[in-house]
Amino acid sequence: MSEFNVYHKTCPARLVLDRLSNKWSLLILDRLSDESMRFNQLRRDIEGVSQKVLSQTLKNLERDGLVHRQAFATVPVTVEYSITSLGQTLVKTIHDLTHWAEDNIGEITRAQQRYDNTEPAGSSI
């Protein structure tokens, strides 16, 4: 039994959920699940992520112990990122979630269109 309760407003595990609910975090971890990669390779593979956002997300994931950063003494310095053993515990879940989204986006889009076509304008919950 965990000493933390994610339903409590001060639970520190909420910070982890916040980090992992970020699309860039999920895509980075999924991409690193098979192999180590350099920064620019990640940037090329994950279309739409800016250099600044990728850098900040990698730093956050490194701080959380999910990603390892290794610098090599070359000119210029070469940096490689890999998933840690803690990050590996998330790989299956992240893979399932990201690919579930790919597999079901058509149905989700149709549901959104149906909702948008039937929802009265100006209605709120």
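**View 1. Helices α2 and α6 pack against each other.** In this predicted model, the axes of α2 and α6 lie 9 Å apart. The angle between the two helices is about 115 degrees. Their crossing is left-handed. From α2, the contact is made by Leu-26, Leu-29 and Asp-30. From α6, the contact residues are Ile-94, His-95, Leu-97, Thr-98 and His-99. Two packed helices are described by the angle between their axes and by the distance between those axes.

**View 2. The largest nonpolar core draws on several elements.** This core has 22 residues. Those with the most contacts inside the core are Leu-29, Leu-32, Leu-42, Leu-58 and Tyr-81. Two or more residues each come from α2 (23–32), α3 (39–45), α4 (51–63), β3 (78–83) and α6 (91–118). Helix α2 gives the most, with five residues. In soluble globular proteins, nonpolar side chains tend to be buried together.

**View 3. Leu-32 and the residues it touches.** Leu-32 is one of the residues with the most contacts inside the largest nonpolar core. Residues up to four places away in sequence are not counted here.

View 4. Six bridges join β2 to β3. Val-67 has Ile-83 of β3 as its bridge partner.

**View 5. Asp-64 and Arg-19 form a salt bridge.** The count of salt bridges in the model comes to three. In this one, the closest N and O atoms of Asp-64 and Arg-19 are 2.5 Å apart. Asp-64 lies in the loop between α4 and β2 (67–72), and Arg-19 lies in helix α1 (residues 13–20), so the pair ties together parts that are 45 residues apart in sequence. Asp-64 counts as partly exposed because its relative accessibility is 26%. Side chains of opposite charge can pair when their charged atoms come close.

**View 6. Arg-31 and Asp-45 join two helices.** The side chains of Arg-31 and Asp-45 meet in a salt bridge, at 3.4 Å from N to O. Arg-31 sits in helix α2 and Asp-45 in helix α3. The two residues are 14 residues apart, and the pair links distant parts of the chain. Arg-31 has 39% relative accessibility, so Arg-31 counts as partly exposed. Asp-45 is also partly exposed, at 30%.

**View 7. Lys-92 and Asp-96 pair within helix α6.** Lys-92 forms a salt bridge with Asp-96. Their closest N and O atoms are 2.7 Å apart. Both residues lie in helix α6. They are four residues apart, about one turn of the helix. Lys-92 counts as exposed because its relative accessibility is 59%. Asp-96 has 37% relative accessibility, so Asp-96 counts as partly exposed.

Methods
Residues numbered from 1 in each chain as written. Predicted model: local features only at pLDDT ≥ 70, side-chain atom pairs only at ≥ 80, totals over all residues. Heavy atoms only, no water. Core = buried A, V, L, I, M, F, W, Y, C linked by side-chain atoms within 4.5 Å. Buried < 20%, exposed > 50% of the residue type's maximum accessible area, 1.4 Å probe, protein only. Contact = heavy atoms within 4.5 Å. Salt bridge = Lys/Arg side-chain N within 4 Å of Asp/Glu carboxyl O. Pairing = 2+ DSSP bridges. Axes fitted to C-alpha atoms, helices over the stretch in contact; angles between N-to-C directions. Left-handed = near helix turned anticlockwise from the far one by under 90°.
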